[in-house]
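Thanks for coming, everyone. I'll be quick.

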Amino acid sequence: MHLAELRTLPQALAMLLQVLKAQLSVLWLGLPPFWRLWGALLPGRSPPPLEQGAGVPPGATVPTSVNYHFTRQCNYRCGFCFHTAKTSFVLPLEEAKRGLAMLKEAGMEKINFSGGEPFLHERGEFVGKLVQFCKQELKLPSVSIVSNGSMIRERWFKCYGKYLDILAISCDSFNEEVNVVIGRGQGNKNHVENLQKLRKWCRDYAVAFKINSVVNRFNVDEDMNEQIKALNPVRWKVFQCLLIEGENAGEDALREAERFIISDEEFEQFLDRHREVSCLVPESNQKMKDSYLILDEYMRFLNCRNGRKEPSKSILDVGVEHAIKFSGFDEKMFLKRGGKYVWSKSDMKLEW
C-alpha cells in the first residue's frame, strides 16, 4: 500500500462511519420501544404502532416544528436580513441526515429548510436530497423550504417536487424598484416575474405555494391585495421587520437594518389594509422572536431571548433533549401565533 493511501485511510474510515451512523439512526426510528417488542412475542399479541416522538422523556420540550438554516450564504443582499453570511460552513450530507433523524426521534413533525439561500449550495441538489430523505425515509408529515426563488429550476421540481409539501417564496414588494432598494434585485432578473413562474410550477408539480413578506420602511404603504389574491397562496406570512443584535444591528453585524424598521402602529395599518386577504398570517416582533425553533449550520439551537442569537451546543454532540433546553423556545407563543396548522399537502385538499 502506498504512503498516500495510508494517509487517506483514516479519512475514508471516518466517512464510512458517518454513513453508518445516519443509516443506523434511520433503522432505530423504525424500532418500537423494548416493552413493545416483548409484547409482540406473547401469543396473539402484536405491537402497537410507534407514535411520533416515542423516545421523548416526560416533560421534555418536543421539537414539533424545526427551522434548519443549513447555510448562511445567499445571492441576495436584503438590507434587513437577520440570518447573514457570517460563515460558509455546511454540514456533510450524512451528518445533516443524522441530525434530522435525531430530531424525528425526539418528536419532530415538520422541518423547514432555510438559509441564506437553500438553493445556492450544490445548485439545490443538497436541499433536494434532504427533502427526499425527510419525506421518504423519516416519513415526516411536513417538509418545506423558504427561498428567494431566484435559483430554482423546473428540473428540481421534476426530481424532488413529490417529496416537498410547501415552498415559501420571499416577496416583499410587487414593485421591482422597491425590490432593488430592499436588496432583492439581481441584474436583469425580475423578482416578480420569477414569482409567477414558480407559482405555476408549484401547481404543475403539486407543491403547496406560500409567500413570505417582511413589512419595512420601503413597502409599508404598498397595497398588495390584488397581486396576493391572484397568486392565491395557501398562506401569506407577513412579518414585521425585526432587529437582531450581531446580524442586522450592532457593531459586529453584516447589515444595518435600522433604516428599515417600522412602528407597531404602521405594521397594524398594513395588516388592516389587507384584512380581506383570507390567507394572511401576521407576525409582529413580539410573536416572532421566541416562537421558532431555529437550528444553525452547525445544528445548534439559536436562543433569541436577549435580542441576539446565542447558540446551544450542537445536537450532534449533546443530543436534542440537552441542546433544546438552551433554545429559548416559547411553546405557548408558537401555538398562539398559529405555528401548528394543516401543513401536509395530502391534508390540504388543494386543486392542482
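Start at Cys 78. Its sulfur has its closest cysteine sulfur in Cys 74, 6.3 Å away. A disulfide needs two cysteine sulfurs within 2.5 Å. So that gap is too far for a bond. Keep in mind that this is a predicted model.

How many disulfides does the count give? It comes to 0. Cys 74 is in no disulfide, and the nearest cysteine sulfur to it is that of Cys 78. Are these two buried or exposed? Cys 78 counts as buried, at 8% relative accessibility. Cys 74 is partly exposed, with a relative accessible area of 35%.

Now the whole chain. There are 352 residues, and 51% of them count as buried. The chain has 14 helices and 10 strands. Take the contacts between residues at least 6 apart in sequence: 74% of these join residues at least 24 apart. The accessible surface comes to about 17600 Å². Carbon and sulfur atoms hold 53% of that surface.

Look at the N-terminal end of H7. Asn 190 caps that end. A side-chain oxygen of Asn 190 lies 3.0 Å from the backbone nitrogen of Val 192. Beyond the helix comes Ala 206, with a positive phi, near 55°.

Which residues of H7 are buried? They are His 191, Val 192, Asn 194, Leu 195, Leu 198, Arg 199, Trp 201 and Cys 202. What do the buried residues pack against? Three helices are on the list: H5 (154-160), H6 (176-182) and H8 (225-231). Strands E4 (166-170) and E5 (208-215) are on it too.

Last stop: Ser 327. Find this serine in the loop between helix H12 (320-323) and helix H13 (331-336). Ser 327 is in a loop, yet it is buried, with a relative accessible area of 5%. What does its side chain reach? The backbone oxygen of Ile 324, at 2.8 Å. Leave out residues up to four places away in sequence, and Ser 327 touches Leu 293, Phe 301, Leu 302 and Asn 303.

Methods
Residues numbered from 1 in each chain as written. Predicted model: local features only at pLDDT ≥ 70, side-chain atom pairs only at ≥ 80, totals over all residues. Heavy atoms only, no water. Buried < 20%, exposed > 50% of the residue type's maximum accessible area, 1.4 Å probe, protein only. Helix = DSSP H or I, 4+ residues; strand = E, 2+ residues; numbered from the N terminus. Contact = heavy atoms within 4.5 Å. Polar contact = N/O pair within 3.5 Å; in protein donor to acceptor, adjacent residues only side chain to side chain. Areas by Shrake-Rupley, 256 points an atom, 1.4 Å probe, with all protein chains shown as cover.
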